[in-house]
Amino acid sequence: MRGRGKAARLGITLDMTDVSLTREGCAILRGISVRADEARIGVVGRNGSGKSTLARVIAGLELPDEGRVRLGGTDMARDRRAAIRTVGILFQNPDHQIIFPTVDEEIAFGLRQLGRTVAEAAEGVRAILARFGKAHWAGAAIHPLSQGQKQLVCLMSILAMRPQLIVLDEPLSGLDIPTRMQLMRYLESAEAQLIHISHDPDVLRDYERVLWIADGRIAQDGAAAPVLAAFTAEMERLGGMDDIADLAG
Ligand SMILES: Nc1ncnc2c1ncn2[C@@H]1O[C@H](COP(=O)(O)OP(=O)(O)OP(=O)(O)O)[C@@H](O)[C@H]1O
């Protein structure tokens, strides 16, 4: 993210108004309102604060009980065809994302969902593998790949679809530093907006905007430096305490 233009705009607006979501009697999101069109938006918060749920709501994978969510004016939960064209989501665990046994099938699936013919999808697979220097993965089985390699397959599957927005739900945790840096560079090369959930404030340091989620609400929303400083100070204060009785859930 280093050195990225601060005023970059890629053209899609996230618009959430009074969004609340309750599951099994547990209020997970509580009246979240945010309007954002920055190219790089970070999301921080403690375990269980509602970040992943927020990511799923933004991507249209969960319907809130109350409130309104729009991406570029469209409700992604109700218009799945628009969602497929508009937003990709990358999860922490690639095994939760991958559904096909081979690299080609996995990447081709998204392209077929976009309405491409079999031949067009095959060409898309070939092109993205070549772009990432992985042409030799054509036809390869996914199961023997490492966590980082599987994460790269997920990333290529999403980038091949050219979404306007990519939601990253901690996809880099658990990866070694070089793999993390490479995947971040790949993401940086994508002409897509990023909403990036991370427990590592340093990853989000140069982002244009950061949302701090606490107990299903927006605790702070603003420029990265002050929000991350306040968040880090609070996490260190809590970390200095002796118990984790306040951990959400
Ligand atoms: N389907 C569900 N039913 C009941 N509770 C749920 C459900 N999904 C999430 N929760 C609860 O909602 C809270 C927020 O979960 P969420 O996964 O969004 O948090 P998070 O901020 O992403 O956490 P982490 O940083 O640990 O990944 C947690 O207390 C979780 O147990």
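Biologist: How are H5 and H6 set to each other, roughly parallel or roughly antiparallel?

Modeller: H5 and H6 are roughly parallel to each other. The scale is simple: angles under 35 degrees count as roughly parallel, over 145 as roughly antiparallel, 65 to 115 as roughly perpendicular, and the rest as oblique. Here the axes of H5 and H6 (residues 177–189) cross at roughly 5° and come within 11 Å. An axis is a line fitted to C-alpha atoms, for helices over the stretch in contact, and angles run from 0 to 180 degrees between N-to-C directions.

Biologist: What should I know about the model before going on?

Modeller: It is a predicted model, where local features need pLDDT of at least 70, side-chain atom pairs count only at pLDDT 80 or more, and totals for chains, interfaces and linings use all residues. Residues are numbered from 1 along each chain as its sequence is written.

Biologist: How many helices and strands does the protein have?

Modeller: You will find seven helices and nine strands. They are DSSP runs numbered from the N terminus: helices are H or I with at least four residues, strands are E with at least two. Along its principal axes, the C-alpha trace of the protein spans about 55 × 40 × 40 Å.

Biologist: Back to the first pair. Which residues of H5 and H6 meet?

Modeller: On the H5 side look for Gly-148, Gln-151, Leu-152 and Leu-155, which meet Thr-179, Leu-183 and Tyr-186 of H6. By type, the residues of this H5 and H6 contact are four nonpolar, three polar and no charged. Two residues are in contact if their C-beta atoms, placed from the backbone, lie within 7 Å. Ala, Val, Leu, Ile, Met, Phe, Trp, Tyr, Cys and Pro count as nonpolar, Asp, Glu, Lys and Arg as charged, and the others, Gly among them, as polar.

Biologist: Where H3 passes H5, at what angle do the axes cross?

Modeller: The axes of H3 and H5 (residues 147–160) cross at roughly 30° and come within 8 Å, so this pair is roughly parallel too. From H3 the contact uses Val-103, Glu-106, Ile-107, Gly-110 and Leu-111; from H5 it uses Val-153, Met-156, Ser-157 and Ala-160. Six of the residues in the contact of H3 with H5 are nonpolar, two are polar and one is charged.

Biologist: And what is the angle between H3 and H4?

Modeller: H3 (residues 103–113) and H4 (residues 118–131) pack at about 125°, with their axes 9 Å apart. That makes H3 and H4 oblique to each other. Asp-104, Ile-107, Ala-108, Leu-111 and Arg-112 of H3 meet Glu-120, Ala-121, Ala-122, Gly-124, Val-125 and Ile-128 of H4. In this contact of H3 with H4, seven residues are nonpolar, one is polar and three are charged.

Biologist: Is Ala-121 buried or exposed?

Modeller: Count C-beta atoms, placed from the backbone: a residue is buried if 20 or more others lie within 10 Å of its own, exposed if 12 or fewer, and partly exposed in between. Ala-121 has 22 others within 10 Å, so it is buried. Leaving out residues up to four places away in sequence, Ala-121 touches Ala-108, Leu-111, Arg-112 and Arg-116. Ala-121 and Met-161 are 40 residues apart in sequence, with their C-alpha atoms 10.0 Å apart in space. Across the protein, 37% of the 249 residues count as buried.

Biologist: What about Ala-119 and Ala-130? Where do they lie?

Modeller: Ala-119 is in helix H4, and Ala-130 has its place in helix H4. Ala-119 counts as exposed because it has 8 C-beta neighbours inside 10 Å; Ala-130 has 11 such neighbours and counts as exposed. From Ala-119 to Glu-38, 81 residues apart along the chain, the C-alpha separation is 36 Å. Ala-130 and Glu-208 are 78 residues apart in sequence and 31 Å apart in space, C-alpha to C-alpha.

Biologist: How much of the contact comes from residues 24 or more positions apart?

Modeller: Among contacts with a separation of 6 or more, residues 24 or more positions apart account for 70%.

Biologist: Which loop holds Glu-24, and what is its phi?

Modeller: Glu-24 sits in the loop between strand S1 (9–23) and strand S2 (26–38). Its phi is near 50°, a positive value in a residue other than glycine. With 5 C-beta neighbours inside 10 Å, Glu-24 counts as exposed.

Biologist: And what is the phi of Asp-215?

Modeller: Asp-215 has a phi near 55°, again positive in a residue other than glycine. Look for Asp-215 in the loop between strand S8 (209–214) and strand S9 (217–222). Asp-215 is partly exposed, with 16 other C-beta atoms within 10 Å.
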